[in-house]
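Hello,

Here is the structure I promised to hand over. Please open it first, then read my notes below.

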Amino acid sequence: MDSWKLIYTTKCYNCGKVADQIIEIYSNQAFVKCSNCGATRYYILKKVGIEEDNIIEIEKDKKMKYDNWFLEKNAKCYNCKKYAPQDILITESGMYVRCRNCGFTRFYRFHMVDVQKS
Ligand SMILES: [Zn+2]
Ligand SMILES: [Zn+2]
């Protein structure tokens with residue numbers, strides 16, 4: 001799988017400024033880095049499998065301390081090999097990437113945050 005790079009502009013949980021948050025998703029890990037302060041959240045692949053299409057909806061509606069981010073990207077699915085929209089949900093506890101065509105889902109669990117002072 002190619003790595004995916006996405007940008008989501010929102011208020012940073014660390015520096016509090018509205019800034020581009022750079023999201024990088026790899027096959028076994030993912031990162032979210034604030035372009036302003038450099039604070040980086042690390043996620044590690046925890047689970048893969050075919051999931052019901054409501055898994056994202058259920059997680060999306062959970063009330064968390066931080067806002068959930070909901071993104072989508074057209075990409076070739078690792079499982080069905082079709083070029084299909086991939087729903088991406090990022091919460092404070094994890095990240096879901098789900099193929100809208102076949103339901104193949106990768107779940108990355110939040111691992112740690114690194115707040116750089118640079
Ligand atoms: Zn920041
Ligand atoms: Zn698929």
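The chain forms an open sheet of eight strands, ordered E1-E2-E3-E4-E8-E7-E6-E5, and the pairing is antiparallel. Two strands stand at the edges: E1 and E5, the latter covering residues 69-76. Each has a single partner strand, so one side of each is left without a neighbour in the sheet. On average, neighbouring strands of this sheet are turned by 25 degrees against each other, direction ignored.

Please keep in mind that this is a predicted model.

**Overall layout**

The secondary structure comes to one helix and eight strands. Read from the N terminus, the elements run β-β-β-β-α-β-β-β-β. The C-alpha atoms fill a box of roughly 40 × 30 × 20 Å along the principal axes. How does the radius of gyration stand against that of a compact globule? For 118 residues, such a globule would have a radius near 13 Å; the chain has 14 Å, which agrees. Of the 118 residues, 20% count as buried. Among contacts with a separation of 6 or more, 44% are between residues 24 or more positions apart.

**The E1 end of the sheet**

Strand E1 spans residues 4-11 and runs antiparallel to E2, with eight bridges joining the two. One bridge pair here is Lys 5 with Glu 24 in E2. The hairpin of E1 and E2 has six residues between the strands. Within that hairpin, Gly 16 takes a positive phi near 80 degrees.

E2 then goes on to E3 by a hairpin of three residues. These two strands are also antiparallel, joined by five bridges. Ile 23 has Val 32 in E3 as its bridge partner.

Glu 72 stands opposite Asp 87 in E6.

Ile 88 is placed in strand E6 too. Is Ile 88 buried or exposed? Ile 88 has 23 C-beta neighbours inside 10 Å; the cut-off for buried is 20 or more. Ile 88 therefore counts as buried. Leaving aside neighbours within four places in sequence, Ile 88 is in contact with Leu 71, Glu 72, Lys 73 and Val 97. Lys 73 lies 15 residues away from Ile 88 along the chain, and their C-alpha atoms are separated by 7.7 Å.

**The core**

The largest nonpolar core has 13 residues. Which of these touch the most other members? They are Ala 30, Leu 89, Ile 90, Met 95, Tyr 96 and Val 97.

Beyond its neighbours within four places in sequence, Leu 89 is in contact with Ile 56, Glu 59, Lys 60, Asn 68, Phe 70, Met 95 and Tyr 96. Met 95 and Tyr 96 are themselves among the core residues that touch the most other members. Val 97, a contact of Ile 88, belongs to that group as well.

Best regards

How values were computed:
Residues numbered from 1 in each chain as written. Chains lettered and ligands numbered in written order. Predicted model: local features only at pLDDT ≥ 70, side-chain atom pairs only at ≥ 80, totals over all residues. Core = buried A, V, L, I, M, F, W, Y, C linked by C-beta atoms within 7 Å. Buried ≥ 20, exposed ≤ 12 C-beta atoms within 10 Å, placed from the backbone. Contact = placed C-beta atoms within 7 Å. Helix = DSSP H or I, 4+ residues; strand = E, 2+ residues; numbered from the N terminus. Rg over C-alpha atoms; globule rule 2.2 N^0.38 Å. Pairing = 2+ DSSP bridges. Axes fitted to C-alpha atoms, helices over the stretch in contact; angles between N-to-C directions.
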